[in-house]
Amino acid sequence: MPLECAVLGKDIPITETTVPVISPYWRLKRNGHWALLCRYEHEQVRYAMLSPKMGATLALMDGRLTFRHLSMITHYAFDLESQEKAEEFVTRVIMAANREEDAVVNMTSELEPYVKRIDPFDFAVKASKWKTQERPAVPISLNLMFSNDCHTKCSYCFAKGHCVPESKLLSTERWKELLREAKALGIDQVSLSGGDPLFRKDALKLIEELIDLDILFALSTKCYITEDIADKLVSIGMTQPVNQFVREIQLNLDPDEPTADNLAGSPGYYHRAVHSIRNLLKRGFNVRVKAVATALTAPHIYDWVDELQDMGVRQISVAAYNRGLYGSNDRLSLGKEDRKSIIDQCRRARADFPEIDLRTIGCEPGEDRIGVQRRTTAEPLEALPDEEAEIHDKIRRWKTEDHSFGARSSMTITPDGKVMLYDTVPEDEALFVGDVTDNSIQDVWNSEPLLNYPFPKTEQFKGAACYDCQNLAKCQSKAGYCFRDAYFNSGTVLVPPAQCPMLQGESTV
């Protein structure tokens with residue numbers, strides 16, 4: 001069950017006797033010279049860059065100090081001119097952390113087992129060192145591809161392509177070394193991508209290592225989960241909580257049995273998936289069922305949700321079919337009426353089955369979207385008292401720009417150890433930025449090929465429109481990831497993507 005957390009400044013007011021604490025759903029981390037506040041969850045990592053003062057102040061919020069005591073400490077630590085100014089400072093830190101999120105909450109006895117004690121001196125960094133850092137010193141998260149093969153051949157799969165021969169796969173021991181390195185670097189959240197993670201013969205050994213390291217992940221699979229496999233997952237700890245979380249296992253099952261079997265390219269898949277769901281629910285797994293909504297399945301969404309809730313499923317996701325690596329399949333593409341139908345059916349399902357967490361991804365207008373997204377605000381950010389203008393400006397810019405793409409927060413390790421910046425591109429040598437077969441995660445993360453890839457030097461574009469473009473630097477500062485779209489459209493990365501406004505006759509980026 002989710003923990004009850006009263007968000008300070010939103011759910012309850014801040015008083016002198018309030019005891020602030022960082023929510024168990026968030027992590028305060030040191031990353032190089034930076035302090036980062038990261039959302040701790042199964043899905044996409046969200047994080048915020050913090051100034052040294054804010055990082056050190058949040059580190060004091062471990063559930064033992066009242067607001068008044070925190071103000072007294074910051075009064076002397078930061079040489080603030082009065083107790084009143086110190087109280088204003090701490091209030092602004094809390095409100096900044098809770099501006100769009102729920103990171104600082106009111107301490108209760110229920111939260112005590114989940115509180116992380118942090119040394120505030122870990123975040124006492126000289127401003128000069130803080131300012132010289134331009135990106136996370138280590139990845140905030142990793143995409144791990146234990147396998148890029150699968151038991152199905154789904155029509156909408158974005159991961160189609162060559163599969164790594166078993167003889168070239170990273171060894172079990174090397175994967176374990178990498179997982180232990182990730183944990184030592186402070187990475188406690190990873191994504192398991194693929195292919196299907198369970199396709200690999202030693203998958204359960206690797207998943208057990210993740211569990212033993214208390215690393216959070218969600219396991220997404222189309223593998224047939226027999227009772228034996230379900231029992232083995234229980235035995236390695238998949239149903240045991242890490243902190244307050246029970247790791248999620250996501251089964252992929254499309255609506256309408258004949259259509260689902262055809263889309264999966266596997267006769268009987270729907271029947272096997274239903275058995276998998278029942279085997280997992282019977283053993284207390286945290287189960288989510290996901291469908292990729294296509295034009296073929298759009299009319300069946302409500303009936304599918306109804307069937308799943310009858311089975312006991314309480315977490316369901318519907319993701320819109322989108323263009324994959326090999327172009328769009330017109331037979332599957334969603335039209336305007338398809339999307340409207342999906343929205344209407346999901347609204348009806350939420351009303352009829354309020355106990356279900358029904359998420360929709362890419363199906364609806366922004367105001368209706370339910371799911372995990374990076375949120376920004378148009379309101380200006382206020383600097384903390386005596387905070388250097390350069391630090392404040394850097395935080396403001398980092399907050400408003402998109403840093404979700406590879407080389408800014410994460411990287412992908414493929415089954416044979418090659419490193420790419422995305423898990424949604426083919427394993428093409430042109431897209432490799434490193435190799436962890438013999439190199440460490442940190443070595444690759446800070447290597448010149450990886451650092452250069454999203455932001456190629458001008459001379460590398462010689463012969464392409466980008467070479468003479470006066471807006472190249474500005475374009476890359478905002479969209480250093482456009483090489484992926486360029487590759488999809490032309491098979492190379494050193495050209496502008498098809499949607500480049502300069503190619504379409506626009507005068508500005």
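Reply: Happy to! A word on terms to begin with: helices, of at least four residues, and strands, of at least two, are DSSP runs numbered from the N terminus. Please keep in mind that this is a predicted model.

With those labels in hand, let's start at Gly195, which sits in the loop between E7 and helix H6 (203–212). Gly195 is partly exposed, since its relative accessible area is 26% and that class runs between 20% and 50%. Asn148 lies 47 residues away from Gly195 along the chain, yet the C-alpha atoms of the two are separated by 3.6 Å.

Asp188 has a relative accessible area of 12%, so it counts as buried, the cut-off being under 20%. Its side chain makes a polar contact with the side chain of Lys29, at 3.0 Å. Besides Lys29, and setting aside neighbours within four places in sequence, Asp188 is in contact with Arg27, Tyr40, Lys183, Asp214, Ile215 and Leu216.

For another part of the chain, turn to helix H9 (residues 269–282) and helix H10 (residues 301–311), which pack at an angle of about 35° with their axes 10 Å apart. H9 brings Tyr270, Val274, Ile277, Arg278 and Leu281 to this contact, while H10 brings Trp304, Glu307, Leu308 and Met311. Sorted by class, the contact has 7 nonpolar residues, 2 charged ones and no polar ones.

Methods: Residues are numbered from 1 along each chain as its sequence is written. This is a predicted model: local features need pLDDT of at least 70, side-chain atom pairs count only at pLDDT 80 or more; totals for chains, interfaces and linings use all residues. Side-chain values use heavy atoms; hydrogens and water are left out. Buried means under 20% relative accessible area, exposed over 50%, partly exposed in between (1.4 Å probe, protein chains only). A polar contact is a pair of N or O atoms within 3.5 Å; within protein, one must be able to donate a hydrogen and the other to accept it, and residues adjacent in sequence count only if both atoms are side-chain atoms. Contact means heavy atoms within 4.5 Å. Axes are lines fitted to C-alpha atoms, for helices over the stretch in contact, and angles run from 0 to 180 degrees between N-to-C directions. Ala, Val, Leu, Ile, Met, Phe, Trp, Tyr, Cys and Pro count as nonpolar, Asp, Glu, Lys and Arg as charged, and the others, Gly among them, as polar.
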